[in-house]
Amino acid sequence: MTKTALQFRHNGRDVALFVDGGVNLLVALRELIGDMTPKFGCGQGGCGACSVLIDGELHLSCLTLAETVNGRAVETLDGLKDGPNLHPLQRAFMEQFAAQCGYCTPGMLMAAKALLDRNPSPSRAEVIEAISGNICRCTGYEPIINAVLAAASGGRARA
Amino acid sequence: MAKHRGRGIASINYPIGMNLGGDPSQALVHSNPSGKFTVSLSSIDLGQGMKSVTRQICAETLGVPVEDVYVDTADSDTGPHCMGSFASRGTHRVGNAVMAAAKEARGVMMEAAAEELEVNAADLETDGRGNIHVKGAPHRSISTKDVAIAAQFKQGKTISGRGIFLVPLSEVNPETGEMSPATCYAHACLVAEVEVDDETGEVAMVRMDSAYELGRALNPRLVEQQLVGGAWMGISHALFETPEPYYPDPAHGPRDFVEYLMPGPGDICPHDIAVLERPAADGPFGAKGPGEMCANPVLPAVANAIFNAVGVRMDELPITPEKVLRAIKAQGGARPQARR
């Protein structure tokens, strides 16, 4: 099978790799780049565990052909923290006990980041809408909703 | 055609652990020369907080800071045996085993400290900040780190302990059928309020109020997260999830998250929880366990609330819109019961 040369920004860093035709972005990130933060949940867009940002917009990496991100910027959970400093969303998730098993957490955080980037002061209904494509089995969602709202208001207080 | 509100209540007793031939768990505790302690377990933390709570129990029993304890649950091949993380048994069974192991390790640690300070071990106490000193004379002190180093390199002692907690098999009395399947029970009561649409059969959660009695809450935030998350599972079991139609035969069953339904963040409701603490006599620091019981009262409470709302008795789970609609049609329309 022919390989396709692919270049894109991965969490602010240029990466270049060769991918087989039909390889999805999730596999490229996990197996070719070694970024294990996007999770494989269902592989068909039903759970949100693989969520990443492409040019700032939320996408399901399991349903995105790797070739289509050529020349674009991909952000994953791995790029969220700033060195040893957690992102306000990560801190809020920690403080609100918004993770138990943690498998949905990377996707939840990326969905929440996409929301706060376009709407720094979301309502509760807007938070619910923003994470409604992400399944969580442990928390009952309430702590996650509270964490996103806390990160949003915390961000305002600091700004 | 209208939406009807209804309220239902359910109370449960929940046995901690199981009794199918005895219910044991083991733990090992040892110190490293750094003065830090490792708890070895085969028990699994699947997000419920097993590592946090056993860490607290070990640190409290040893008398050292919680930061000085590391819990290793890595491998059921090499770790001490555990029956598993289920039946709400983790905190109670494994916690008791950790407590026993930490007690034995503390004995060795105090003996080693006594030898270094040239006093009787019975005259020593821990300050919980990583030091051991003579009672009433805090200046006669040695750090747990120095004790660990002395035990390892000078005295040739292992600061370690073994623990097992076994609830023995309860035999059934052949005359009466009587047995004691559990040594302690947790209790819960939950009120659910729902809204039933008699045109579509849909049931929406309006709110829940609950009270849980689960022994001493060793880590209140973890207990709360169990109760909040577990109640969601209860809603899911009551109204959404099913491996039907031919379970355990998977034929024609759900294959993915489009067919295996669960409530999303928009399907939850306000839930007010009261935690009542009545320490269990045989629990580690009085703890029982807030595991499976978090989900259990939700199901009967929701079924009762649906009866209160539209007068149909649903006795098969999950209570899907189709089932509700068929039941309403069978009785010739919604019959709201007295508001309670």
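Which residue in β6(B) stands opposite B:L124? In the predicted model examined here, the residue opposite B:L124 is B:V134 of β6(B). The two strands concerned, β5(B) and β6 (residues 131-134) of chain B, are joined by three bridges and pair in the antiparallel sense.

This pairing belongs to an open sheet of three strands in chain B, arranged in the order β5-β6-β7 with antiparallel pairing. The edges of the sheet are formed by β5 (124-126) and β7 (137-143) of chain B, each of which pairs on one side only. On average, and with direction ignored, neighbouring strands of the sheet are turned by 35 degrees against each other.

Two helices of chain B accompany these strands. Helix α2 (residues 90-117) of chain B packs on the sheet and touches β5, β6 and β7 of chain B. The direction of helix α2 makes about 115 degrees with that of β7(B). Helix α3 (residues 144-155) of chain B, in turn, lies across β6 and β7 of chain B, where it runs at about 50 degrees to β7(B).

Contacts between the chains were also examined. The interface brings 19 residues of chain A into contact with 17 residues of chain B. On the side of chain A that touches chain B, the largest share is contributed by helix α5 (residues 142-158) of chain A, with three residues. By residue class, this side of chain A comprises 11 nonpolar residues, seven polar residues and one charged residue.

Key:
Residues are numbered from 1 along each chain as its sequence is written. Chains are lettered from A and ligands numbered from 1 in the order in which they are written. This is a predicted model: local features need pLDDT of at least 70, side-chain atom pairs count only at pLDDT 80 or more; totals for chains, interfaces and linings use all residues. Two strands pair if DSSP finds at least two bridges between them. Helices (H or I, at least four residues) and strands (E, at least two) are DSSP runs, numbered from the N terminus. Axes are lines fitted to C-alpha atoms, for helices over the stretch in contact, and angles run from 0 to 180 degrees between N-to-C directions. Two residues are in contact if their C-beta atoms, placed from the backbone, lie within 7 Å. Ala, Val, Leu, Ile, Met, Phe, Trp, Tyr, Cys and Pro count as nonpolar, Asp, Glu, Lys and Arg as charged, and the others, Gly among them, as polar.
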